[in-house]
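Work through each task with the structure at hand before reading the solution.

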Amino acid sequence: LRLDDDGEIQVSVPWMFLGYAGNEGQGQFSELYYKTGDLGCMREGCLFINGRKKDLIIRGGFNINPNDVQECLQGVEGVSENVVLSRVHNGEEQIVCCYTGSREQDIHLLNERLEGAMGKHYRLDYLVKLTEMPKNLNGKVDRQKLQEMLEDDYKI
């Protein structure tokens, strides 16, 4: 087990297969390690999985894990649930927070909280209040549906 520079979990075991047939899965291996696509960290000898690499938002050369932003905003009064996504606008990746809650939130106050906790690269570009969060059959937030809603309805 090892972590790449960006926090991606990579594993290697003696019985691991050596690759896919043809070109399928190209780029899934680094030396004899399989790139899982999961992000994690090691603390006190334990592995903690905290997101997916494909969900990373890359802004100004910084890798931003949307789960970290969500956790920071979860304690805000009046926010029931929030999901952080990205969108590309004019060639730049931007951070969008969709939330449900009992009241409208001020993006400036939320950004002060994020900057204080994690730094200026974590600032939100857009804030979208929803009446309810779309869920899949498992009861989890349907991130794909949210992304489609942003593109179709909100045109932000």
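**Exercise 1.** How many bridges join strand S8 to S9, and do the two strands run parallel or antiparallel?

*Solution.* The model is a predicted one, and its protein chain has an average pLDDT of 86. Begin with the extents: S8 covers residues 79-89, and S9 covers residues 92-101. Ten bridges connect S8 and S9, and the strands are antiparallel. Within this pairing, Leu85 has Val96 of S9 as its bridge partner. Finally, inspect the hairpin: two residues lie between the strands, and Asn90 adopts a positive phi near 55 degrees.

**Exercise 2.** Determine in which sense S9 pairs with strand S10, and the handedness of the crossover that links them.

*Solution.* S10 spans residues 126-129 and pairs with S9 through four bridges in the parallel sense. Opposite Leu127 of S10 stands Cys97. From S9 the chain passes through H2 to reach S10, a β-α-β crossover that is right-handed. Helix H2 (residues 107-118) has the highest mean pLDDT among the elements of the chain, 96.

**Exercise 3.** Decide whether Gln94 is buried or exposed, and describe its surroundings.

*Solution.* First, locate the residue: Gln94 belongs to strand S9. Next, apply the cut-off: a residue under 20% relative accessible area is buried, and Gln94 counts as buried because its relative accessibility is 10%. Then list the contacts: leaving out residues up to four places away in sequence, Gln94 touches Arg59, Leu85, Ser86, Arg87, His89, Asp125 and Tyr126. Lastly, consider the whole strand: eight of the ten residues of S9 are buried, so S9 is largely enclosed by the rest of the structure.

Methods: Residues numbered from 1 in each chain as written. Predicted model: local features only at pLDDT ≥ 70, side-chain atom pairs only at ≥ 80, totals over all residues. Heavy atoms only, no water. pLDDT = per-residue confidence, 0-100. Buried < 20%, exposed > 50% of the residue type's maximum accessible area, 1.4 Å probe, protein only. Contact = heavy atoms within 4.5 Å. Pairing = 2+ DSSP bridges. Right-handed = clockwise from strand over helix to strand, strands pointing away.
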